[in-house]
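Let's take a friendly walk through a protein model, one topic at a time. Please keep the picture open while you read.

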Amino acid sequence: MELRRLGRNGPQVSAMGLGCMGMSNAYGKSDEAEAIATIHRAIELGVTFLDTADLYGFGHNEELVSRALEGRRGEVFLATKFGNARNPDGSLRVDGSPAYVRSACEASLKRLKTDRIDLYYQHRIDPTVAIEETVGAMAELVREGKVRHLGLSEAAPATIRRAHAVHPIAALQTEYSLWTRDVEAEILPTVRELGIGFVAYSPLGRGFLTGTIAKPDDLGSKDARAQRYPRFTSENLARNHALVERVRAIAERRGVKAGQLALAWVLARGRDVVPIPGTKRRKYLEENAAAAAIALTKDEVAELEAAVPPDQIAGDRYAPANLKAIDR
C-alpha cells in the first residue's frame with residue numbers, strides 16, 4: 001500500500017484508510033471478533049489509517065478499536081472526531097464549545113487507551129460557536145501533545161479558511177464518490193489552494209456502488225440506510241441501481257469488481273485524496289485494498305463519470321434533518 005500526504009505539509013498516511021463506523025452501528029448486526037480481525041488484517045495489508053468517532057455506537061467504536069490495537073498502537077495512524085454531543089433524552093446536538101472540545105478529547109483518549117490522537121476532527125460545525133473558538137481549543141490540545149493534527153468534517157469553504165487561519169488544518173473529511181461529487185465545485189479547490197488534504201468518506205456510496213444492493217430487502221432489518229438516506233428508498237434505489245449497472249459493466253470488462261473500480265476512481269482524483277471505505281469484514285477489506293493497484297487512464301475516468309451523471313442520481317445523500325447539520 002502506497003503512502004499519501006495529507007495536504008502540503010501534513011502527515012503521511014496509507015493511500016487508503018479504513019472507516020470503522022459500521023463495526024458498531026448503522027449497518028446491521030455487529031460482530032466484534034470479526035471487526036477486530038478486520039482491523040488486524042488491514043494493518044497486515046498496509047491499510048494503517050483508521051477512522052472512528054465518539055459518535056459511532058456512542059463510544060463503543062472507539063473502545064472496539066482500542067481492543068484491536070492492544071500492543072499495536074504504534075502501527076497505525078489513528079483519527080477520531082468530536083462534536084456530536086448526546087443530550088440526556090438521547091437526542092443529539094452539535095457542540096463546538098471550547099469546554100466540550102477538551103472534555104470530548106479526554107473521553108476519547110480514555111476510550112482509545114492512548115496518550116495521543118493522530119488526527120482530531122470536528123465532526124460537524126457548530127453554528128452557535130465561532131469556528132475560531134473551536135479550533136483555538138483544538139490547537140491547545142496540539143500544544144499539549146494530546147493531538148498531533150487537526151481536521152474538519154463537512155465544513156464549508158469559508159469555514160475552512162477561517163479555521164486554517166487559526167491553526168493549520170491537515171485534512172477535511174467529506175463524502176465523495178462517483179455518486180456524490182458536489183465537493184468538486186468549491187470544496188476541493190479550496191482545500192487544494194490552502195494545502196489541506198482531502199479524506200473521502202463513503203467512497204463506495206455506503207456500499208451501493210458495489211452493485212450488491214438493488215432493493216431495500218437487500219439490507220438487513222437492523223440496517224439504517226433506508227431510513228437515514230433517501231437514495232436507499234425503494235423508488236430511488238431502482239433508478240440508482242441502473243447507474244451502478246453501468247459501472248458493473250465497465251468493471252467486468254476490466255476484470256474487477258464494481259466497488260473496486262469505484263474506489264480506483266476516487267484514488268485517481270489526486271494524490272491529495274485519501275478514501276476511507278468502511279467495512280466490518282475481512283473479505284470486503286481485502287477487495288477494497290486491492291483497488292489501490294488499479295490504475296485508470298483518463299479515458300476510463302471519463303467513462304465512469306459519464307456512466308454516473310450527477311443529475312441522474314435519485315435522492316439527497318442525507319435526510320432533511322441530517323442535511324441541516326451540514327455546514328454550507
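**Helices that pack together**

Helix H4 passes helix H5 in a right-handed crossing (a crossing is right-handed if the near helix is turned clockwise from the far one by less than a right angle, and left-handed if anticlockwise). Helices (H or I, at least four residues) and strands (E, at least two) are DSSP runs, numbered from the N terminus. This is a predicted model, where local features need pLDDT of at least 70 and side-chain atom pairs count only at pLDDT 80 or more, while totals for chains, interfaces and linings use all residues. Residues are numbered from 1 along each chain as its sequence is written, and side-chain values use heavy atoms, with hydrogens and water left out.

*H4 and H5*

- Two packed helices are described by the angle between their axes and the distance between the axes.
- The axes of H4 (residues 131-143) and H5 (residues 157-166) cross at roughly 40° and come within 9 Å (axes are lines fitted to C-alpha atoms, for helices over the stretch in contact, and angles run from 0 to 180 degrees between N-to-C directions).
- That makes H4 oblique to H5 (angles under 35 degrees count as roughly parallel, over 145 as roughly antiparallel, 65 to 115 as roughly perpendicular and the rest as oblique).
- On the H4 side, Ile131, Glu132, Val135 and Gly136 meet Thr159, Arg162, Ala163 and Val166 of H5; contact means heavy atoms within 4.5 Å.
- The residues of this contact of H4 with H5 divide into four nonpolar, two polar and two charged (Ala, Val, Leu, Ile, Met, Phe, Trp, Tyr, Cys and Pro count as nonpolar, Asp, Glu, Lys and Arg as charged, and the others, Gly among them, as polar).

*H1 and H10*

- Helix H1 packs against helix H10 (residues 282-290) at an angle of about 25°, and their axes are 9 Å apart.
- That angle makes H1 roughly parallel to H10.
- H1 contributes Glu34, Ala37, Thr38, Arg41, Ala42 and Leu45 to the contact, and H10 contributes Arg282, Leu285, Glu286 and Ala289.
- Sorted by kind, the residues of the contact of H1 with H10 are five nonpolar, one polar and four charged.
- The crossing of H1 and H10 is right-handed.

**Salt bridges**

- How many salt bridges are there? The count comes to 30 salt bridges, where a salt bridge is a side-chain nitrogen of Lys or Arg within 4 Å of a carboxyl oxygen of Asp or Glu.
- One of them joins arginine 271 to glutamate 2, with the closest N and O atoms 2.7 Å apart.
- Arginine 271 lies in the loop between helix H9 (258-267) and strand E12 (273-275), and glutamate 2 in the segment before strand E1 (3-5), so this pair ties together parts that are 269 residues apart in sequence.
- Glutamate 2 is partly exposed, with a relative accessible area of 34% (buried means under 20% relative accessible area, exposed over 50%, partly exposed in between, with a 1.4 Å probe and protein chains only).
- Another salt bridge pairs arginine 148 with aspartate 118, the closest N and O atoms being 3.5 Å apart.
- Arginine 148 sits in strand E9 (residues 147-153) and aspartate 118 in strand E8 (residues 117-122), which are distant parts of the chain, 30 residues apart.
- Within this pair, arginine 148 is partly exposed at 47% relative accessibility, whereas aspartate 118 is buried at 2%.
- Glutamate 305 and arginine 269 also meet through their side chains in a salt bridge (3.2 Å, N to O).
- Arg102, Glu106, Glu140, Glu144 and Lys146 are linked in a network of salt bridges.

- Methionine 23 lies in the loop between strand E3 (18-19) and helix H1 (32-45).
- Is methionine 23 buried or exposed? At 1% relative accessibility, methionine 23 counts as buried.
- Leaving aside neighbours within four places in sequence, methionine 23 is in contact with Leu18, Ser30, Ala35, Thr38, Ile39, Asn61, Leu64, Thr279 and Lys280.
- Methionine 23 and threonine 279 are 256 residues apart in sequence, and their C-alpha atoms are 7.1 Å apart in space.

**Two residues with positive phi**

- Glutamate 154 is not a glycine, yet it has a positive phi of about 55°.
- Glutamate 154 is in the loop between E9 and H5 and is buried, at 0% relative accessibility.
- Serine 202, also not a glycine, has a positive phi of about 50°.
- Serine 202 is found in the loop between strand E11 (197-201) and helix H7 (225-228), and is buried with a relative accessible area of 15%.
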